Amino acid sequence: MGVEHVSVVFKLYCLTVMTLVAATYTVALRYTRTISSGDLYFSTTAVCITEVIKLALSLCMLAKETGSPTRLKNAILEHVFLSPKELLKLSVPSIVYAVQNNMAFLALSNLDAAVYQVTYQLKIPCTALCTVLMLNRSLSRLQWFSVFMLCGGVTLVQWKPAEATKVQIEQNPILGFTAIAIAVVCSGFAGVYFEKVLKSSDTSLWVRNIQMYLSGIVVTLIGVYITDGENVLEKGFFFGYTPWVCFVVFLASVGGLYTSVVVKYTDNIMKGFSAAAAIVLSTVASVILFGLQITITFASGAILVCVSIYLYGLPKRDTTKLIQQDSNRESQQKLIHVRTYLKKE
């Protein structure tokens, strides 16, 4: 899907919203897991509710796309109730995304929002590797260089993790990093798998989302039962929910859908700026809210990650014209040599 030509103002609007959603979601989730007063909610129920809201929003978008209740009904019948194979196919990313979302809660319960935001950018090399293996694409030398630079930056950030002085709960940085590692692998695989499914047919994006979120609701409900089943039956599904928790669920629901729609209006450079700006905002918020102590290694690693994101998003250089120019020059030189030889003869 190519990037549509829209005004610079609209692109800046998209960039601003993407950045604010990414940064605010991370910081708000961290706040609800470490500082917010009251009983701690069940993260598995939050993930499940997120899937339900995404399904409802996708249905609304499909209704707008089809234009009439009859067409909407026919689309749902054809692609949902009469397509069990397609539902099964989309259950794969549903399971993977469910694991990823639960790992985000676990990671942000043990790592600061800024550290999480930087480390989570490892999804870029993971996605790149999955793209090469699953979609048979190639990366430029600059992109491979930026991937290694990003890994080096994340290593610096994790070398001596920054500490948050205002967080009173006990944290396990190793557990948090392990959770991010799992989330990164899930994000890379699920994103590329979903892209491959989208490009394998002309089925609407919103139909595919509905198929995936239906499977996601089933998967996350199973997760609630396995992980917190007894506690949920005893205390209730919405135990510990506060306005902040509802805000986190809202951001998780709208953010993913909004980003998927906005992608066609932006390019990789703008998405790179968005990710880098989200890191900066998360760091500032972490210093203010959680008393994050910035170290030299953290600052150096964060800068390396931001630069690598920018480099990775730079457009590939079109070498076909250069090759044609070189071949033309070689032909001209050969022709000159032939003429020179004939004159001597």
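This briefing covers annotated spans, salt bridges and a surface patch. The model is predicted. It holds four salt bridges.

**Annotated spans**
- An unreviewed UniProt entry annotates "transmembrane region" at several spans, including residues 12-28, 142-159 and 206-226.
- Residues 142-159 are 100% helix and 0% strand, with end C-alpha atoms 25 Å apart.
- Residues 206-226 are also 100% helix and 0% strand, and their end C-alpha atoms lie 30 Å apart.

- Glutamate 86 pairs with lysine 89 in a salt bridge, with the closest N and O atoms 3.5 Å apart.
- These two residues sit three apart in helix α4 (residues 84-108), so about one helical turn separates them.
- Glutamate 86 is partly exposed at 22% relative accessible area, and lysine 89 is partly exposed at 30%.
- Glutamate 86 also forms a salt bridge with arginine 208, at 2.5 Å from N to O.
- Because arginine 208 lies in helix α9 (residues 205-235) and glutamate 86 in helix α4, this pair ties together parts 122 residues apart in sequence.
- Arginine 208 is buried, at 3% relative accessibility.

- Glutamate 195 and lysine 199 form a salt bridge of 3.0 Å, N to O.
- They are four residues apart in helix α8 (residues 173-199), so about one helical turn lies between them.
- Glutamate 195 is partly exposed at 23%, whereas lysine 199 is exposed at 56%.

**A nonpolar patch**
- Val280, Val284, Val287, Ile288, Leu289 and Ile294 make a nonpolar surface patch of about 500 Å².
- Isoleucine 288 belongs to helix α11 (residues 268-290).
- Isoleucine 288 counts as exposed because its relative accessibility is 57%, over the 50% cut-off.

How values were computed
Residues are numbered from 1 along each chain as its sequence is written. This is a predicted model: local features need pLDDT of at least 70, side-chain atom pairs count only at pLDDT 80 or more; totals for chains, interfaces and linings use all residues. Side-chain values use heavy atoms; hydrogens and water are left out. UniProt positions are given in the numbering used here, feature names are shortened, and annotations may be inferred rather than shown by experiment. Patches are made of residues with over 30% relative accessible area and no salt bridge: like charges are joined within 9 Å, nonpolar side chains (Val, Leu, Ile, Met, Phe, Trp, Tyr) within 5 Å. Accessible areas come from the Shrake-Rupley method with a 1.4 Å probe; for residues, only the protein chains shown count as cover. A salt bridge is a side-chain nitrogen of Lys or Arg within 4 Å of a carboxyl oxygen of Asp or Glu. Buried means under 20% relative accessible area, exposed over 50%, partly exposed in between (1.4 Å probe, protein chains only).
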